[in-house]
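Have the model open in your viewer and keep the sequence beside it.

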Amino acid sequence: MKVTTTLGSVGADAARRIALGAQGFTDARPGGEVSRRHLRRVLDRVRLIQLDSVNVAVRAHYMPLFSRLGPYPADLVDDAAWSHRARRPRMLVEYWAHEASLLPVEDWPLFRWRMREYERKYATRFAALRKRSPGLFDDVLAAVKELGPIGAGPLEDELGLSQRRARKAPGGWWNRSDVKHACEWLFATGELTTGTRRSFQRLYDLPERVLPPEVLSAPPVSDDEAARQLMLRAASAHGIGTEPDLRDYYRLPPDRSKAALSELVEQGLVEAVTVHGWRHPAYRHVDARVPRRVTGRALLAPFDPLVWRRERTERIFGFHYRIEIYVPEPKRVYGYYVFPFLLDGQLVGRVDLKTDRVAGVLRARGVFAEPGVDHTRVAHELAAELRLMADWLGLDRVVAGPNGNLVKEVRSALKP
């Protein structure tokens, strides 16, 4: 890997500002109605949006836009991801990118290598399923072609296989039914995709009914070229990062990411630099700018791309962050679903959020300030952002506490 020769040095504070600028946190929030043009601006920055099933506060894929744009129409993402009209064509498609993600439709061909990889990786497992249920995969494809978009449950009923629910395969893939196994295999290998979602349930459809013809007919992209393009996108979205940082954005294999990064450096699209305080070499996209200052505030969902890689978050912001969903409640330090709070370019606090729709309340069950910050100012700005988020979610009020070292100040700031 010929990318360790450094061409310059960057201070730690500058690296932090580069990272924030690359993720769109130096762009002013729109003053008027948020439109598809603003969504495109965010996508040009972050490149993809992670999906996640947790819905304790708000679905993960809705929050990154709010963090960068402020309140926006509820159907903006859904319309871009799961519907298509001649005047408003589909912008996003689902696939395994970072994790399950929404990505621009034009990036679909860059993941053909991953589709082939899944086919090889799970060939043995699904050979057993094909033997146990001969013809199932062809039947699923035929049914989706006739009925799609359709979920795995209705597919089972349609295929007369609902009795298999009581006979799920042991271990692996969450003990899903044979039909669900088949659907997920066909999704992973690119023979099915998501036509739409209903109550977050994936409804499968054929790629030719979801993707534009020019995407489906695009020339094949070699594995090496796909890795190069994905690493270049990762470098743009990071602004600056180590090779493992960039690799993690699209979960690329190390050998492929290192070779791609070496080529990008040789082509002058990424430059190798040193960052003060970083133990490993860093790489900066040549178009990444260094903002003079970063102002503004934002609540970040646990799956926001700015904080995906926790090691990088700690390196850049001095902010130790772990999601505690799977930690037993008595052992949690900050709470179940904790949002870091970004203020003027620093992560200054964290909030354990829960949406109580029955009561019309956004509950900030834990409110914590980081060491050394101005509690009064952080509380004032955090309270304002929580009110903004509550209004966006259609909730009447915000309730803070009982946990955290900033509860008293936030409660005071929330008073009318």
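Predicted model: local features only at pLDDT ≥ 70, side-chain atom pairs only at ≥ 80, totals over all residues.

Val348 counts as buried, because its relative accessibility is 8% and the cut-off for buried is under 20%. You'll find Val348 in strand β12, which covers residues 346–356. Which residues does Val348 contact, once neighbours within four places in sequence are set aside? They are Phe341, Leu343, Phe368, Ala369, Glu370, Val373 and Val378.

The mean pLDDT of the protein is 93, with 94% of its residues at 70 or more. Two stretches deserve a more careful eye. Over residues 1–5 pLDDT stays under 50, and the model has 13 contacts beyond four places in sequence for them. Residues 162–175 also stay under 50 in pLDDT, and there the model has 23 such contacts.

Now zoom out. The protein has 16 helices and 14 strands, and its C-alpha trace spans about 65 × 55 × 45 Å along the principal axes. How does the radius of gyration fit a compact globule? With 416 residues you'd expect a value near 22 Å for such a globule, and the protein has 23 Å, so the two agree. Of those 416 residues, 56% count as buried. Among contacts with a separation of 6 or more, 64% are between residues 24 or more positions apart.

Accessible surface comes to about 18,900 Å², and carbon and sulfur atoms hold 49% of that. As for charge, there are 66 positive and 52 negative side chains, with the centres of the two sets 3 Å apart.

Leu192 is placed between α9 (178–188) and β5 (193–198), and it counts as buried because its relative accessibility is 0%. Leaving out residues up to four places away in sequence, Leu192 touches Val140, Leu141, Val144, Cys183, Leu186, Phe187, Tyr204, Asp205, Leu206 and Pro207. Take Val140 from that list: Leu192 and Val140 are 52 residues apart along the chain, yet their C-alpha atoms are separated by 9.8 Å.

Thr242 is another loop residue, located between β7 (240–241) and α12 (243–249). Is Thr242 buried or exposed? Its relative accessible area is 3%, so Thr242 is buried. Beyond four places in sequence, Thr242 is in contact with Trp278, His280, Pro281, Ala282, Tyr283 and Arg315.

For a contrast, go to Gln267, in the loop between α13 and β8 (270–275). Gln267 has a relative accessible area of 42%, so it ends up as partly exposed. Val327 lies 60 residues from Gln267 along the chain, and the C-alpha atoms of the pair are 45 Å apart.

Last stop: helix α5, residues 112–121. Its buried residues are Trp113, Arg114, Met115 and Tyr118. What covers the buried residues of α5? The cover includes β3 (92–96), α9, α11 (223–238) and α13 (254–266).

Terms used. Residues numbered from 1 in each chain as written. Heavy atoms only, no water. Helix = DSSP H or I, 4+ residues; strand = E, 2+ residues; numbered from the N terminus. Rg over C-alpha atoms; globule rule 2.2 N^0.38 Å. Buried < 20%, exposed > 50% of the residue type's maximum accessible area, 1.4 Å probe, protein only. Contact = heavy atoms within 4.5 Å. Areas by Shrake-Rupley, 256 points an atom, 1.4 Å probe, with all protein chains shown as cover. Lys, Arg positive; Asp, Glu negative; His and termini not counted. Charge placed at Lys NZ, Arg CZ, Asp CG, Glu CD. pLDDT = per-residue confidence, 0-100.
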